[in-house]
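This report goes through the fold of one chain, then the way two chains meet. The sequence and the structure come first.

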2 protein chains.
Amino acid sequence: MSTQSDVSTADARRNAQREALLDAASEMLVHGGPDAISLRKLATRVGTSTMAVYTAFGGKEGLISALYEEAFDRLAAAEEAVTKNPEPLLYLRDLAFAYRSFALKNPSYYALMISSTLPVPDSLRHSDTGEANPTARGVTQHRSYRIMFDAVKKCVEDGILPSHHGVEVLADALWAAVHGLCSLELAGFHDSAEAAENRFNVTTGAILRGLLTPEGRKKLDSLNQD
Amino acid sequence: MSTQSDVSTADARRNAQREALLDAASEMLVHGGPDAISLRKLATRVGTSTMAVYTAFGGKEGLISALYEEAFDRLAAAEEAVTKNPEPLLYLRDLAFAYRSFALKNPSYYALMISSTLPVPDSLRHSDTGEANPTARGVTQHRSYRIMFDAVKKCVEDGILPSHHGVEVLADALWAAVHGLCSLELAGFHDSAEAAENRFNVTTGAILRGLLTPEGRKKLDSLNQD
DNA sequence: ATGGTGTTTATAACACTGTTATATCCCTAT
DNA sequence: ATAGGGATATAACAGTGTTATAAACACCAT
């Protein structure tokens with residue numbers, strides 16, 4: 001490691017400190033939410049000054065922007081970890097469940113992701129730089145959205161879901177329902193964990209059933225035989 | 001008014017200032033979101049000192065808690081303004097649309113309502129005082145929730161929606177979908193206003209269709225004849 | 001009407017926050 | 001080895017919510 005770090009010591013140290021800041025910030029995020037991230041406390045925890053945040057991220061906004069991107073990456077990783085069921089409808093169901101699991105296991109990250117429901121951290125608006133930036137419109141280009149989109153697309157190609165609505169509308173419909181369900185559950189709107197899970201299954205099942213083509217419904221009924 | 005104010009001048013002035021603070025705060029909320037509410041600016045705007053907020057609301061938390069309650073009251077008013085269609089299914093559809101209209105017309109208030117998806121302003125947690133407080137569990141006692149709940153209940157009683165899931169699950173399913181759709185739309189996830197509206201109708205229609213009983217589906221098909 | 005009492009108010013201080021200016025240091029490239 | 005440039009630490013600035021203190025006020029009993 002010593003020789004390797006000699007190649008470009010400065011860049012390595014920069015990256016190391018950048019990740020150290022990100023790690024500490026994410027820990028503070030998980031502990032007390034986005035407001036609990038204080039640049040001063042963060043700096044002292046990492047053993048540097050607040051200026052490090054400005055050189056590495058351009059300020060607090062850039063820092064939480066980086067956390068925001070990491071949240072989407074983690075969600076994408078959770079979705080990618082889902083074994084691709086050959087039955088596209090079941091794969092879609094598994095993806096929805098993976099989304100929920102992510103939200104429940106990473107409530108702070110999830111809250112950060114959806115906290116952009118209006119304030120929109122400013123730095124996340126259509127970056128005119130060509131750089132991929134997971135913001136409002138940009139999210140639809142991110143893997144986390146693309147994975148579910150492709151799964152819906154497959155269902156349309158197989159004739160399970162209709163094509164006249166457009167794939168985007170179908171994907172958004174499922175996304176909206178899943179997101180709404182997770183919001184409710186994280187806010188504490190449930191009598192028990194089992195009740196929340198049941199509600200999730202009933203709702204996602206209903207929205208899929210309501211969108212299905214006649215052929216899709218036949219297939220669903222045959223699957224429910226098991 | 002002069003004689004009337006003589007009866008209890010102090011209380012009247014208190015209430016007047018309380019509402020003045022609330023009005024100014026709501027204006028600041030609409031302009032720049034919850035973070036744009038500064039107690040100092042609020043006080044100077046109303047023509048008093050920051051202490052007024054502490055005597056009237058117990059602090060900033062109490063102030064936004066009051067705004068939070070007002071947001072739910074406004075939503076309830078918007079729902080109550082919906083003419084009660086004798087066909088419960090159509091009434092439910094109109095309620096959902098009224099919810100969306102409220103969210104689009106009052107984005108700041110709506111953002112405040114759903115901003116409690118996790119941070120939960122602390123003061124809004126299950127107030128052990130018997131006082132009705134629209135928080136997590138408490139919201140289900142609020143009119144804004146009750147109106148939609150009763151509409152769903154009516155559908156169950158009419159045999160349009162099944163009873164084996166329980167009314168709460170059905171109501172939550174619709175609520176979650178509508179909320180998710182509004183979140184997406186307010187975050188800017190739509191190509192045009194018409195596209196967003198279409199997506200809203202498709203999704204809410206699908207989730208209702210997916211939940212319907214066989215009798216309910218017949219009724220829906222007959223309604224779609226028009 | 002007047003004096004006492006308790007609440008509401010304004011002022012100022014406190015402990016924070018993010019940001020920025022400045023000056024030092026370290027590292028790299030010549 | 002040395003001049004130059006970017007990163008850093010220190011400190012100051014402009015804010016924030018909250019709190020202590022003391023004056024003003026309204027009310028009630030005498």
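**Chain A**

Among contacts in chain A between residues at least 6 apart in sequence, 62% join residues at least 24 apart; two residues are in contact if their C-beta atoms, placed from the backbone, lie within 7 Å. The model is predicted: local features need pLDDT of at least 70, side-chain atom pairs count only at pLDDT 80 or more, and totals for chains, interfaces and linings use all residues. Residues are numbered from 1 along each chain as its sequence is written, while chains are lettered from A and ligands numbered from 1 in the order in which they are written.

Chain A has eleven helices and zero strands (DSSP runs numbered from the N terminus: H or I of at least four residues for helices, E of at least two for strands). Of its 226 residues, 37% are buried, that is, have 20 or more other C-beta atoms within 10 Å of their own, with C-beta atoms placed from the backbone.

**Where the chains meet**

In chain B, 35 residues are in contact with 35 residues of chain A. Two or more residues each come from α7 (107-114), α9 (167-186) and α10 (193-211) of chain B. The largest share, eleven residues, belongs to α9(B).

**How the copies are related**

The same surface serves both copies, as 100% of the contact residues of chain B recur in chain A.

Key. A residue is buried if 20 or more other C-beta atoms lie within 10 Å of its own, exposed if 12 or fewer, and partly exposed in between; C-beta atoms are placed from the backbone.
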